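Work through the exercises below with the sequence and the model in view. Each task is followed by a solution in steps.

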Amino acid sequence: MKNVLDKDIFDRCNEFKSKYQKVLKMIEKYDHIAVFRHVKPDYDALGCQLAMVSWIKDNFPQKEVIYTGEDHITLTPRCFPEMMKVDDSWFREPFLSIVLDTSNADRIADQRYKLAKEIIKIDHHPQVEKYGKVEIVDTTMSAAGELLANMLFRFDAFKISKTTASYLYKAIVGDSNRFLYSDVSVHTFAVAKELLHLGIDMVGIYKEMYSEDLSSLEFTKWVLSHYHISKKGVAYYVLEKEDLAKLKLKPEQGKECLYLFDHFDDVHIWASISYDEEKNVYRVSLRSDGASVESVASKYMGGGHTQASGAKLKSLDELPNLIADLEKLLD
Ligand code: AMP
């Protein structure tokens, strides 16, 4: 018996119906397809990149599908396979680029995406720049993986394997902070339900995503004795080069203790600031319990979402202004 699509999934995204069909036609048309996502990938970026790849491979086994971009310090290979190393010669054949979870072209992790005959963009960040022939952007989705799942469920003549479903689930759980953010909706849970129906191992996925080794306790200990809180409730910690070295952390891991602040009544915005020696900037990760940190992130070379954004500081001289701007959000 054919599965009936959940009504909450069927009723959402009707405005994308014709674009979905265009995407399907483009996938069918090309023998060579490259799937991309943003730099500094997170669960959502990697999850939807690999879900797209795995869905195409399952349904069109004769096609050549590649996925590139930098590996992640801990997520690959723990939760996702390592990225492919693809020679420039591959990009000389006509191919289709599918770019997921990336609002602006500069942030696409492999700039060879632009050598494609045609480009598709699928994203849930606020629209910064148009770079695709077909663009599907829905900022009300908790994750790009949720939007991608909506599209794949509607391609009901095709199969979604357990592997694809697991990648989609990781994408959604990661970007919604375990279904915690305000953009989590009936649709998010409808998608999660359908993914469970496909047989994903939810407990196994959580173990893969969240188990840590004991060394992370040292980092927790450090954060608990070095954090600051501003008058109105902006909590933050600053990891200098020597702190990262002592704790054996890469700058991209600086945000991994942010969760410590996500449930206090008097903390409304929380941030990690870590020095990135390679780029000579401070990486900032911003989270909030409701205030739109995205507006401040875009003032400091960044962007993102209402409750989770990223930014950069050229030096710590900018820190007092950043905190003041975040405090203004809490007036
Ligand atoms: P992070 O703090 O790095 O985990 O980023 C939080 C969210 O903001 C993620 O969805 C990122 O994709 C997004 N983000 C981070 N930096 C930028 C940027 N420079 N431009 C647009 N979005 C960003």
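Two strands pair if DSSP finds at least two bridges between them. Helices (H or I, at least four residues) and strands (E, at least two) are DSSP runs, numbered from the N terminus. The model is predicted: local features need pLDDT of at least 70 and side-chain atom pairs count only at pLDDT 80 or more, while totals for chains, interfaces and linings use all residues. Residues are numbered from 1 along each chain as its sequence is written, and side-chain values use heavy atoms, with hydrogens and water left out.

**Exercise 1.** Find the strand order of the six-stranded open sheet, and state how E8 and E9 pair.

Step 1. The order is E6-E7-E8-E9-E11-E10, and the pairing is mixed.

Step 2. E6 (228-229) and E10 stand at the edges with a single partner strand each, so one side of each has no neighbour in the sheet.

Step 3. E8 (residues 269-276) pairs with E9 in the antiparallel sense, over eight bridges. Within this pair, Trp270 stands opposite Arg287 in E9.

Step 4. Helix H12 (residues 319-328) packs on the sheet and touches E7, E8, E9 and E11. Contact here means heavy atoms within 4.5 Å. The direction of H12 makes about 160° with that of E7. Such angles run from 0 to 180 degrees between N-to-C directions, and axes are lines fitted to C-alpha atoms, for helices over the stretch in contact.

Step 5. Helix H9 (residues 216-226) lies across E6 and E7 (234-239), at about 120° to E7.

**Exercise 2.** Describe the sheet of five strands and the helices that lie on it.

Step 1. This open sheet has the order E2-E1-E3-E4-E5 with parallel pairing. Its edge strands are E2 (64-67) and E5 (134-137), each of which pairs on one side only. On average, neighbouring strands are turned by 15° against each other, direction ignored.

Step 2. E1 (residues 32-36) and E2 run parallel and are joined by four bridges. Glu64 in E2 is the bridge partner of His32.

Step 3. Helix H3 (residues 43-59) packs on the sheet and touches E1, E2 and E3, with its direction at about 170° to that of E2. Helix H2 (residues 17-29) lies across E1, E3 (96-100), E4 (118-123) and E5, running at about 130° to E5.

**Exercise 3.** Which residues come nearest to the ligand, and which strand gives the most to the shell around it?

Step 1. Of the 15 residues around the ligand, Lys255, Ser285, Arg287, Gly303 and His305 come nearest.

Step 2. E11 gives the most to the shell, with three residues. E9 (281-288), E10 (303-304) and E11 (308-313) each supply at least two.

Step 3. Look at polar contacts, which are pairs of N or O atoms within 3.5 Å. A polar side-chain atom of Lys255 is 2.9 Å from an oxygen atom of the ligand. For the side chain of His125, an N or O atom is 3.3 Å from a ligand oxygen. A backbone N or O atom of Gly303 lies 3.4 Å from a nitrogen atom of the ligand.

Terms used:
Near = heavy atom within 4 Å. Polar contact = N/O pair within 3.5 Å; in protein donor to acceptor, adjacent residues only side chain to side chain.
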